[in-house]
Every structure is written in C-alpha cells, then in structure tokens.
Amino acid sequence: MNDMRAALHDSYGPPEVLYEGRVPVPVRKPGEVLVRVHAASVNGGDLYGRAGKVRLVTGRRFPQRTGLDFTGEVAEVDASVPGLRVGDRVWGILGRSFGSAAEYVAVRPRQIAYAPGNVTLTEAASLPAGGTTSLTALRDKAGLRAGERLLVRGASGGVGSVAVQLGKAFGAHVTGLVSAKNADFVRELGADEVLDHRATPLAKLDRYDVIMDTVGTEHRLLRNRLAPGGRLVSIAFDIDHPVRSIGYLLGSAVHGRQRVRFFSGNPKHDLFAELTAYVERGDLRPVVDTVHPLAGIAAAHRALEAGGVRGKHVIQLV
C-alpha cells in the first residue's frame with residue numbers, strides 16, 4: 001500500500017480543475033490514527049479553497065487536496081492510544097487543512113470519535129462539519145434556550161438543515177429562511193415556520209432571539225432583526241468583500257454587547273462524541289442530497305455552487 005486515490009487540483013479555478021489522481025498514503029506518526037475513509041462531504045470551505053479565495057492560507061504549491069470531514073474505519077493505531085482498535089467506525093474533521101476526499105487520512109485521536117451506529121458511514125458523512133458547527137453555534141455561542149425564537153438563514157443546506165433539527169431538540173421555535181422549492185423539505189426537518197427568502201426581505205422579518213446565518217452577507221440587516229437580548233451567530237462572511245464583512249462582524253462583537261458572534265470551527269473529540277449521541281437518540285438525522293463517486297468530485301462541487309442543495313453532497317470512497 002504505497003499510494004492511494006485522492007481528489008486533486010493543479011491550479012485554482014472552477015470545479016473542472018478537480019480530478020481523481022494518486023498520492024502517497026499518509027505515513028502515520030506515533031500517536032496518530034490511520035483511517036480508511038468511507039465517505040467525505042463537500043463543504044463551502046472546499047469551494048473557497050479550490051477557487052483560490054483563501055490562497056493566503058492554501059498557498060501556491062500544487063497539486064492541492066480537497067475535503068474537510070470524513071467517516072471511515074480505523075486502519076492502523078498505536079497500542080498506546082486508548083479506546084481505539086483496528087476496524088472501529090469513526091468520524092471526524094481534519095482541522096484547518098484539506099485532504100479528506102481520499103482513501104486514507106492520518107489524524108490525531110482528538111480529531112475523531114466513534115461514528116453513530118444507527119446510520120451508514122455514507123449517511124453519517126453528511127454530518128461532521130455541519131453538525132459540530134451547528135452545535136457550537138446554537139448551544140455554545142448563542143446559548144439558545146427552550147422557548148426562544150430561532151431563525152436559520154439557509155435552512156436547507158448542509159449546516160442549516162442540522163441547525164433546524166438541533167434547534168427543535170433544544171426546544172426553540174424554529175423558522176427557516178430558504179427558497180420556496182425547499183420549503184416543504186425544511187418543514188419535514190421540524191421547522192415551525194418557513195419563509196421564502198425571495199418573497200421576504202430581511203428588513204421585513206420579525207424579531208428573533210437567535211439568528212443563525214449560514215450565508216455570510218447583510219449582517220447589518222440581520223442584526224437589526226434581533227429582539228432585545230438577541231444574538232446573531234454567523235458561520236460565514238462575504239467572501240467577495242472579506243475586509244468589510246469581517247470588519248463589521250468584529251466591530252459588532254466588540255461594540256454590540258456581544259450580540260454578534262462569528263467563529264470558524266475546529267472541533268475536537270468531545271464535540272464529535274456529543275454529535276454521535278444526538279444521532280443515536282434520534283434527535284438528528286443525516287440529510288444527503290446526492291452521493292458521488294470520487295471521480296465525480298467536480299460534479300459535486302458544481303452542484304453545491306449551483307445552490308438549492310438539500311443537506312450535503314457526499315463523496316463515497318468505499
């Protein structure tokens with residue numbers, strides 16, 4: 001086992017720059033876990049990385065990889081690592097690097113946890129990034145409480161579809177802001193109310209205790225729709241106007257009594273373990289839009305960029 005299949009790109013650009021190639025299997029360092037990847041999802045960060053919109057982080061060395069989260073089974077592990085054995089089903093996130101759309105990844109034990117036993121690893125691949133992000137945003141950053149009014153902007157997507165479900169699990173009254181064609185889908189996820197984002201200007205929205213924004217634009221308008229004591233949590237910024245967007249978020253957090261919170265997730269073991277519990281209790285179900293083979297990585301990126309996604313596009317390797 002010297003090399004493996006992986007999604008690669010030799011330049012920044014549109015989805016068509018992606019292809020299935022071969023790279024060396026990662027060498028596991030002492031204390032690390034080698035995971036045979038069953039599936040990975042396509043996230044917004046993957047699109048930014050491939051397009052070169054975060055090249056200050058990704059650099060100019062090619063070929064580059066794609067993929068942030070994964071599900072799979074332990075292929076190699078040190079005897080000194082407690083609680084993990086070859087063959088265990090796990091899921092996790094690489095952290096702040098790309099490369100999970102490949103047959104193997106080498107990770108630290110704190111980057112993974114046991115995957116839920118009541119869903120397939122392909123289904124489960126729709127949840128690590130969106131699930132840990134939503135859990136952190138709603139519970140840890142916004143402090144969402146039972147009985148509060150929650151608005152999820154982009155409620156049908158990979159993060160928003162999880163946020164709707166978790167919002168209901170926390171006892172909130174959940175409103176989803178989506179395209180009209182996805183309204184019934186978001187209701188099926190448990191939303192109490194669904195609004196068509198084209199027919200409902202942000203300035204005309206009701207007031208909410210918590211607003212979770214997955215889009216990254218018009219934060220000033222969203223902040224104005226907060227009820228007294230309300231909190232806006234954004235997991236995205238305007239990638240086309242990053243300085244202005246991030247500047248507003250940071251300034252609002254400092255001068256707005258902590259009503260605006262922005263974060264970029266890098267979850268660890270305990271958060272994955274909690275996410276597993278939510279799935280196994282039935283509070284959270286995976287939502288897979290389409291399953292693609294690794295050779296279809298460009299099509300998966302193209303589909304996510306086109307919008308209107310329901311849950312996640314998943315890359316299946318096993």
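**Entry 1: strand S12.** I note that the model is a predicted one. One of the partners is Val233 in S13, which forms a bridge with Met212. I also checked how covered strand S12 (residues 208-213) is, and six of its six residues are buried.

**Entry 2: helix H5.** Why is helix H5 (residues 160-169) largely enclosed by the rest of the structure? I found that eight of its ten residues are buried, so the rest of the structure largely encloses the helix. I listed the buried residues of H5 as Gly160, Ser161, Val162, Ala163, Val164, Gln165, Leu166 and Gly167. The elements covering them include S9 and S12, along with helix H4 (128-141), strand S10 (173-178), helix H6 (183-188) and helix H9 (269-281). Just after H5, I recorded a positive phi of about 90° at Gly171.

**Entry 3: the second largest pocket.** I looked up the volume of the second largest pocket, which is about 270 Å³. Which strand gives the largest share of its lining? I found that strand S7 (residues 104-107) does, with three residues. The lining includes Tyr104, Val105 and Ala106, as well as Met4, Pro24, Pro26 and Arg65. By residue type, I recorded eight nonpolar, two polar and one charged in the lining of this pocket.

Technical notes
Residues numbered from 1 in each chain as written. Predicted model: local features only at pLDDT ≥ 70, side-chain atom pairs only at ≥ 80, totals over all residues. Heavy atoms only, no water. 1 Å grid on protein atoms, 1.4 Å probe; cavity = no way out; pocket = protein on both sides within 12 Å on 5 of 7 lines; lining within 4 Å. Points joined across faces, edges and corners; volume = space filled by probe spheres on them. Helix = DSSP H or I, 4+ residues; strand = E, 2+ residues; numbered from the N terminus. Nonpolar A, V, L, I, M, F, W, Y, C, P; charged D, E, K, R; others polar. Buried < 20%, exposed > 50% of the residue type's maximum accessible area, 1.4 Å probe, protein only. Pairing = 2+ DSSP bridges. Contact = heavy atoms within 4.5 Å.
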